[in-house]
Amino acid sequence: MIEDDKYMCMALNPINANQTDHRHKLVDTLKQNSNGLSRRLIALLETADGKNIEFGTIVSALSGGSHAVLIVFLSFPLCLPVGIPVLSTTLGLALGFIGLLLATGRPVWIPRSLSAKIVPYERLHHVVERLLRFSSRIDKWFHPRFSFFILNTTLIRIHGLFIMFLGLVGAIPLPLPFNNFVAAFPLVLLGFSLIEKDGLLAIASYLSAIPFFLYYGALLYLGNAGFQRLMGF
């Protein structure tokens, strides 16, 4: 009888039924990909419980005293061919601030004005689902190695400054293709390298930033050339 009531409720409320199905799929994904990132993402969805959630709650659920999971979560939505202006600016500024905290050795903290922003559950679920799929595909390739690049204090500060720089540049609302992607993808890799303690992946993240410097270097060069032509120099 209880089982019949359960299915009747799902039939009368298809939205909750769909959310339940999605959660079951995510739990199945978790069983195949049981790293710390996955566990925190699943716990975050359980905290949201199908409702909109404050950004500060997301930060608290994902940080857990560590910057790495939060770096992945904030940079992953920016890996799009064309950025969304308000979203790109908000996430880019948040990444810049998290990078500064990492560089200075301070725990995760965000301003109250940013913490109070509401994130729709649909958007949260979409990001978590995509991130879990991505994580499950690459997780088997990475493991602790060359840990010096992850555990060395000086290099951690460099990682923080690198994250801050790319995050702030990525926050610039440019109506150009791939401007967010070239800044965000290296940060996704660096975040995973910090989670997995994989120094080789950290090196790969810096190499993947080469297109970023080429992209924005070209923009600066073309912008300067255009300005000089306009001024008649």
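Reader: Hi! Is phenylalanine 212 buried or exposed?
Author: In this predicted model, phenylalanine 212 has a relative accessible area of 2%. That is under the 20% cut-off, so phenylalanine 212 counts as buried.

Reader: Thanks! And what about phenylalanine 213, buried or partly exposed?
Author: Phenylalanine 213 is partly exposed, with a relative accessible area of 46%.

Reader: What kind of aromatic pair do phenylalanine 212 and phenylalanine 213 form?
Author: An edge-to-face one, with 5.0 Å centre to centre and 80° between the planes. Phenylalanine 212 also pairs with tyrosine 216; there the planes are at 50°, so that pair is tilted.

Reader: Where do phenylalanine 212 and tyrosine 216 lie?
Author: Both are in helix H13 (residues 210-231), 4 residues apart, or about one turn of the helix.

Reader: Nice. Which residues do ring pairs link into a cluster?
Author: The cluster consists of Phe165, Phe212, Phe213, Tyr215 and Tyr216.

Reader: Changing topic: which residues of helix H12 are buried?
Author: In H12 (residues 199-207), they are Gly199, Leu201, Ala202 and Ser205. They cover an arc of only 155° around the axis, so they sit on the same side of H12.

Reader: And what do they pack against?
Author: Helix H9 (148-151), helix H10 (153-170) and H11.

Reader: Last one: how many residues does the largest nonpolar core have?
Author: It has 58 residues, and Phe73, Leu74 and Leu124 have the most contacts inside it. Helix H11 (residues 181-196) gives the most to this core, with 10 residues. Beyond its neighbours within four places in sequence, leucine 124 is in contact with several residues, including Leu44, Ile58 and Phe73.

Methods. Residues numbered from 1 in each chain as written. Predicted model: local features only at pLDDT ≥ 70, side-chain atom pairs only at ≥ 80, totals over all residues. Heavy atoms only, no water. Core = buried A, V, L, I, M, F, W, Y, C linked by side-chain atoms within 4.5 Å. Buried < 20%, exposed > 50% of the residue type's maximum accessible area, 1.4 Å probe, protein only. Helix = DSSP H or I, 4+ residues; strand = E, 2+ residues; numbered from the N terminus. Contact = heavy atoms within 4.5 Å. Arc of directions from axis to C-beta. Phe/Tyr/Trp six-rings, centres within 6.5 Å; stacked < 30°, edge-to-face > 60°.
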